[in-house]
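Open your viewer and have the selection tool ready. The stops below go from one selection to the next.

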Amino acid sequence: MLLTGAAGHLGQHIAQCLASGAADLALSDVDADRLADAAGRITECGGRQPRSAGNPDAPQEATADAAPVIIIAADVTDEAAARAMVHQASERLGGLDVLVNAHGIEGPTAPVEALDPDEVRRTFDVNVMSLFWLCGAAAEIFKAAGGGRIVNLASGAGLAGGAFTGVYHASKHAVVGLTRSLALELGPAGIVVNAVCPGFVESPMVDRIVASLGDLDLPTEYAHMVPLGRYADPDEVAETVRYLACDAPEYMTGTCLVLDGGLRA
């Protein structure tokens with residue numbers, strides 16, 4: 001199993017949740033130092049031993065039944081690096097059957113007439129274009145193996161609009177569209193593709209978005225809009241990702257599971 005964005009706040013929760021199972025796990029992120037820290041926490045909690053892609057032959061002291069955690073630092077916006085990372089994960093783990101794309105950025109919060117083109121392109125490079133390279137590389141491996149699973153971290157923002165956060169919303173609409181399209185394209189090869197669409201989550205990213213909206217003199221309190229009266233806990237998102245990655249029926253594909261406390265019910 002390969003998880004991208006593993007050094008991020010939500011990615012770390014997903015990594016810990018996935019690591020609690022029996023699957024071998026490869027963690028990837030552009031931030032090598034934070035990635036190593038994330039793998040170290042998994043080791044402390046679960047007895048696994050992280051192995052760096054830069055030193056895969058280092059002596060290990062894991063117990064016989066401890067599954068390895070491989071760490072691979074890579075910039076997924078670089079097509080060659082993204083594809084190579086997927087194949088490297090497969091080689092190091094002795095195969096690959098699940099890809100979880102949990103990386104992403106919020107992009108700029110600003111009036112449409114004031115957007116910085118570089119920030120817009122950067123958001124789409126991270127949130128959207130990288131998925132083409134990662135899913136394409138995974139599809140090659142999965143087809144040869146007779147099947148596999150892809151889970152994309154989309155957002156409730158991919159199901160509705162948002163004033164002043166149109167770049168983020170548009171990028172997540174693209175993730176939803178790509179997820180559904182790949183489910184149709186890859187289904188005949190036994191590959192299922194699904195997404196998770198969280199609403200507001202207790203996270204630094206949501207805090208940054210809300211703060212940016214406040215800078216535009218817009219509301220900064222949104223929990224009251226959620227029928228359950230609170231933001232999602234990151235572990236709730238992680239459990240939903242784990243379900244799609246590990247436990248969901250193979251007949252489930254093209255699904256975008258909404259986890260928003262009833263916000264869009």
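This is a predicted model: local features need pLDDT of at least 70, side-chain atom pairs count only at pLDDT 80 or more; totals for chains, interfaces and linings use all residues.

**Stop 1: the aromatic rings**

Start with a search of the whole structure for aromatic pairs, which gives two. Select Phe200 and Tyr222. Their ring centres are 5.3 Å apart and their planes lie at 20°, so this pair is stacked. Now look at where each residue sits. Phe200 is in the loop between β7 (191-198) and α6 (204-215), and Tyr222 is in the loop between α6 and α7 (234-247), so the pair ties together parts 22 residues apart in sequence.

Tyr231 lies in the loop between α6 and α7, 31 residues from Phe200 in the loop between β7 and α6.

Show Phe200, Tyr222 and Tyr231 together: ring pairs link them into a cluster. Which of these are buried, and which partly exposed? Phe200 is partly exposed, with a relative accessible area of 24%. Tyr222 is buried at 13%. Tyr231 is buried, also with a value of 13%.

**Stop 2: the nonpolar cores**

Next, select Leu2, Val86, Leu99, Phe142 and Ile150. In the largest nonpolar core, which has 35 residues, these touch the most other members. The largest share, nine residues, comes from α4.

Zoom in on Phe142. What is it in contact with, beyond its neighbours within four places in sequence? The list is Leu96, Asp97, Val98, Leu99, Gly147, Gly148, Arg149, Ile150 and Ile191.

Then select Leu10, Cys17, Leu153 and Leu244. They are among the members of a second, separate core of 31 residues.

**Stop 3: α3 against α4**

The crossing is right-handed.

Select the contact residues on each side. From α3, take Glu79, Ala82, Arg83, Met85, Val86, His87 and Ser90. From α4, take Phe132, Trp133, Leu134, Gly136, Ala137, Ala138, Glu140 and Ile141. Colour them by class: nine are nonpolar, three polar and three charged.

Technical notes:
Residues are numbered from 1 along each chain as its sequence is written. Side-chain values use heavy atoms; hydrogens and water are left out. Rings of Phe, Tyr and Trp (its six-membered ring) pair if their centres lie within 6.5 Å; planes under 30 degrees apart count as stacked, over 60 as edge-to-face and the rest as tilted. Helices (H or I, at least four residues) and strands (E, at least two) are DSSP runs, numbered from the N terminus. Buried means under 20% relative accessible area, exposed over 50%, partly exposed in between (1.4 Å probe, protein chains only). A nonpolar core is a set of buried Ala, Val, Leu, Ile, Met, Phe, Trp, Tyr and Cys residues joined through side-chain atoms within 4.5 Å. Contact means heavy atoms within 4.5 Å. A crossing is left-handed if the near helix is turned anticlockwise from the far one by less than a right angle, and right-handed if clockwise. Ala, Val, Leu, Ile, Met, Phe, Trp, Tyr, Cys and Pro count as nonpolar, Asp, Glu, Lys and Arg as charged, and the others, Gly among them, as polar.
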